[in-house]
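Have the structure open and follow along.

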Amino acid sequence: MNDARWHEMDWEDHLAALIKGLRSEAKDWAKEFPTKEFRVHTRNANREMLLALRSLLDKAIEKMEEQPSEPKASRIVIE
């Protein structure tokens with residue numbers, strides 16, 4: 001990548017390029033370790049990440065469903 005193109009990218013472009021590169025490296029690395037144990041650990045790690053995300057979403061949904069407590073009206077006697 002030339003310097004001019006590098007500076008035209010914003011941070012999201014840089015992040016996307018980094019992720020793409022890491023995924024490519026991980027795929028190449030995974031091909032070198034095709035053991036069943038590796039695949040099981042990778043699958044379990046992905047499952048745990050999804051469960052963590054689910055717990056965050058569940059908490060966000062709970063907070064959205066909470067009804068704000070509004071003060072109840074009361075009668076005031078004026079003499």
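Start at Glu48, which forms a salt bridge with Arg47, their closest N and O atoms lying 4.0 Å apart. The term salt bridge here means a side-chain nitrogen of Lys or Arg within 4 Å of a carboxyl oxygen of Asp or Glu. Glu48 counts as partly exposed because its relative accessibility is 48%, and Arg47 is partly exposed too, at 46%. (Buried is under 20% relative accessible area, exposed is over 50%, and partly exposed is in between, using a 1.4 Å probe and protein chains only.) Search the whole structure and you get 1 salt bridge.

Before going further, a word on what you're looking at. This is a predicted model, in which local features need pLDDT of at least 70 and side-chain atom pairs count only at pLDDT 80 or more, while totals for chains, interfaces and linings use all residues. Residues are numbered from 1 along each chain as its sequence is written, and side-chain values use heavy atoms, with hydrogens and water left out.

Now zoom out to the fold. The chain has 3 helices and 0 strands, running α-α-α from the N terminus. Helices (H or I, at least four residues) and strands (E, at least two) are DSSP runs, numbered from the N terminus. How confident is the predictor? On pLDDT, its per-residue confidence from 0 to 100, the chain averages 81, with 85% of its residues at 70 or more.

Two surface patches deserve a look. Patches are made of residues with over 30% relative accessible area and no salt bridge, joining like charges within 9 Å and nonpolar side chains (Val, Leu, Ile, Met, Phe, Trp, Tyr) within 5 Å. Trp11, Leu15, Leu18, Ile19 and Leu22 make a nonpolar one of about 530 Å². Trp11 sits in helix α2 (residues 11-32) and counts as exposed, because its relative accessibility is 60%.

The other patch is negative, gathering Asp58, Glu62, Glu65 and Glu66. Asp and Glu count as negative, Lys and Arg as positive, with His and the chain ends not counted; each charge is placed at NZ of Lys, CZ of Arg, CG of Asp or CD of Glu. Glu62 belongs to helix α3 and, at 44% relative accessibility, is partly exposed.

Notes. Areas by Shrake-Rupley, 256 points an atom, 1.4 Å probe, with all protein chains shown as cover. pLDDT = per-residue confidence, 0-100.
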